[in-house]
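Here are a few exercises to work through with the model open. Try each one yourself before you read the solution.

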Amino acid sequence: MRAEYAYSRGEIGKDYLRAAVGLAICAAPFAWVRPARLVIVILAVMAAVFLVLLAQTVYRHVSRVEIDDDGIAVRGILRRRIAWSELRVVRLSYFTTWKNVRGFMELKLGDGRTTLRLGSGLQGFKDVVRAVSLAAARHRLELNKATIENLRQLGLPDQAGRLRGVRHA
């Protein structure tokens, strides 16, 4: 089995737009006035936040997630890989953004040396989570209650059910 996944263009496009608008708002005051030193500092901090968002967006844009029988890898600007046999950390977290608005999930994987974080904007995110949960069950990893519940929320009760013999953190 080998599969490759990428972040959706729609999600990436929205983040590029957010970063561009944020940077434009931070730069706009300089076109009309010479802001006070405190305002310059505040705008610089805000611009730094939007530059970080831009960098993360570029990273996700060029990254591909690969899954095969031996493990999972993210390749792009950097290449990082975790073998299933070395997998030690699996956390599936849910984050809300606004009241009554759908949030997002993040899958965190680790082997003691490498950490991978994958967001639910990844096309095929559910398939990736399914493969990881099966690997976790095979290697009898400890999963916390939130991860088990989030697996169920994704509609993966079979994988969560197979984890009954796993010690829950």
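**Exercise 1.** Does T57 count as buried, partly exposed or exposed, and what is its relative accessibility? Then list its contacts from beyond four places in sequence.

*Solution.* Bear in mind that this is a predicted model. Start by placing the residue: T57 sits in helix α2. Next, check the accessibility: the value for T57 is 0%, so T57 counts as buried. The cut-off for buried is under 20%. Last, look for partners: leaving out residues up to four places away in sequence, T57 touches I12, D15 and Y16. Of these, I12 and D15 are buried residues of α1.

**Exercise 2.** Work out what span helix α1 should have, and compare that with the distance between its end C-alpha atoms. Then find where α1 bends.

*Solution.* Take the 24 residues of α1 (residues 9–32) at 1.5 Å a residue: the helix should span 34 Å. The end C-alpha atoms are 35 Å apart, which agrees. Helix α2 (37–62) is part of what covers them.

Then take P29 itself. With 25% relative accessibility, P29 counts as partly exposed, because that class starts where buried, under 20%, ends. P29 touches P35 and L43, not counting residues up to four places away in sequence. C-alpha to C-alpha, P29 and S8 are 33 Å apart in space, and 21 residues apart in sequence.

**Exercise 3.** Find which members of the largest nonpolar core touch the most other members, then follow the contacts of L107.

*Solution.* The core has 31 residues, and the ones that touch the most other members are I72, L87, V90, L107, L109, V128 and V132. Elements that each supply at least two residues include β5 (89–95), β6 (104–110) and α3 (125–138). The largest share, 7 residues, comes from α3. Now zoom in on L107: ignoring neighbours within four places in sequence, its contacts include V90, L116, F125, V128 and V132.

**Exercise 4.** Find the volume of the largest pocket and say which residues lie nearest its centre.

*Solution.* The volume is about 1000 Å³. Of the 27 lining residues, E11, D15, R60, F104 and G119 lie nearest the centre. Two or more lining residues come from each of α1, α2, β6 and β7.

Notes
Residues numbered from 1 in each chain as written. Predicted model: local features only at pLDDT ≥ 70, side-chain atom pairs only at ≥ 80, totals over all residues. Heavy atoms only, no water. Core = buried A, V, L, I, M, F, W, Y, C linked by side-chain atoms within 4.5 Å. Buried < 20%, exposed > 50% of the residue type's maximum accessible area, 1.4 Å probe, protein only. Helix = DSSP H or I, 4+ residues; strand = E, 2+ residues; numbered from the N terminus. Contact = heavy atoms within 4.5 Å. Expected span 1.5 Å × (residues − 1). Bend = angle between axes of the 7 residues up to and from the residue. 1 Å grid on protein atoms, 1.4 Å probe; cavity = no way out; pocket = protein on both sides within 12 Å on 5 of 7 lines; lining within 4 Å. Points joined across faces, edges and corners; volume = space filled by probe spheres on them.
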